[in-house]
Amino acid sequence: MNYKNITIAGSGVLGYQIAFQTAFHGFKVTVYDIKDATLEKAKLKFNTMSEAFKRDLNATQEQLDKTFKNLSYTSDLAEAVKDADLLIEAVPENPKIKVDFYNKLAKVAPEKTVFATNSSTLLPSQFAEATGRPSKFLALHFANTIWIHNTAEIMGHPNTDPSVFKDVVAFAKAIGMLALPLCKEQSGYILNSLLVPLLSAATSLLVNDVAEPEIIDKTWMKATGAPLGPFGILDVVGITTAYNIDKMAAEKTNDPLKIKTVKYLKENFIDQNKLGVSTGEGFYKYPNPAYKNSDFLK
């Protein structure tokens, strides 16, 4: 693995984390997004990230100064990938958006560039042909708060070159991840195959008026010893991601409960810009959510 220049496409909840983590470990990172204003917001998030790295990883100011020097930004896709050895796509969890992105990317990326998708639930085989380089395409999925929950699931599709797969596993290790190679395609990988049903069950309990979010979270936290309940997790993941996943499921199955869930999330969260931790409010208010109070479980 001789990757040096990494491009991160999308500076949202996970995109900016992947970018900062990669730059922190010495790679040159170009952050791409479609609007300069969005990139400016990402720069502010990096300031917050640096404080988290100091707190959680005991990062020194010298390390963080080098990290910021390794970061650059552009809203020009061709400029973003001109020297890229690896591009990690972290655009919204919507097949149409991803296909459109890969169609554009294929026209401007150098032949050497490997493409990796950070899709939460979609399979790389769904987009392999759109990339124009199926053998150099696979999935590389990170958990949220990646500097602490440092997992990287690597999943190829039937036509992924084994040497490319091996290189991406090595890259994941090089940026401080626990590399978790999968032997075959699986929607949701390992993590989300376990997590999505939990979050779906929680939202179903809510929209069916069984219990309020805090009660559902208290149940899960107290009974299992987990530090977060499903709605706390949804705030961290980002409610937009959950909304997109439920919307796709509703359109595919026409399930009345999924349709009801999509409507609920849209009206109460998406339309009100209450998207979770990233906007300061979701099911809880941040930076001091109720579930962190010492008496939450009393």
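Just after helix α1, Gly 26 takes a positive phi of about 95°. Helices here are DSSP runs of H or I with at least four residues, strands are E runs of at least two, and both are numbered from the N terminus. This is a predicted model, so local features need pLDDT of at least 70 and side-chain atom pairs count only at pLDDT 80 or more, while totals for chains, interfaces and linings use all residues. Residues are numbered from 1 along each chain as its sequence is written, and side-chain values use heavy atoms, with hydrogens and water left out.

Back to α1 itself. Buried means under 20% relative accessible area, exposed means over 50%, and partly exposed is in between, with a 1.4 Å probe and protein chains only. Among the buried residues of α1 are Tyr 16, Phe 20 and Phe 24.

Next, the rings. Rings of Phe, Tyr and Trp (its six-membered ring) pair if their centres lie within 6.5 Å; planes under 30 degrees apart are stacked, over 60 edge-to-face, and the rest tilted. By this rule the count is 19 aromatic pairs. Phe 24 and Phe 53 are edge-to-face, at 4.9 Å centre to centre with 70° between the planes. Phe 24 is in α1 and Phe 53 in helix α2 (residues 36-57), 29 residues apart. Phe 24 counts as buried because its relative accessibility is 18%; Phe 53 is at 0%.

A tilted pair joins Phe 46 and Tyr 73, at 6.0 Å and 40°. Phe 46 lies in α2 and Tyr 73 in strand β3 (residues 71-74), so this pair ties together parts 27 residues apart in sequence. Phe 46 is buried at 0%, whereas Tyr 73 is partly exposed at 27%. Tyr 73 also has the charged end of Lys 43 over its ring, 4.7 Å from the centre. That term requires NZ of Lys or CZ of Arg within 6 Å of the ring centre and within 35 degrees of the ring normal.

Now the core. A nonpolar core is a set of buried Ala, Val, Leu, Ile, Met, Phe, Trp, Tyr and Cys residues joined through side-chain atoms within 4.5 Å. Which residues have the most contacts inside the largest one? They are Leu 140, Phe 142, Ile 154 and Phe 171, in a core of 42 residues. A second, separate core of 22 residues includes Leu 206 and Tyr 284.

Last, strands β7 (residues 151-155) and β8 (residues 178-181) run parallel, joined by 4 bridges. The bridge partner of Glu 153 in β8 is Leu 180.

Conventions. Two strands pair if DSSP finds at least two bridges between them.
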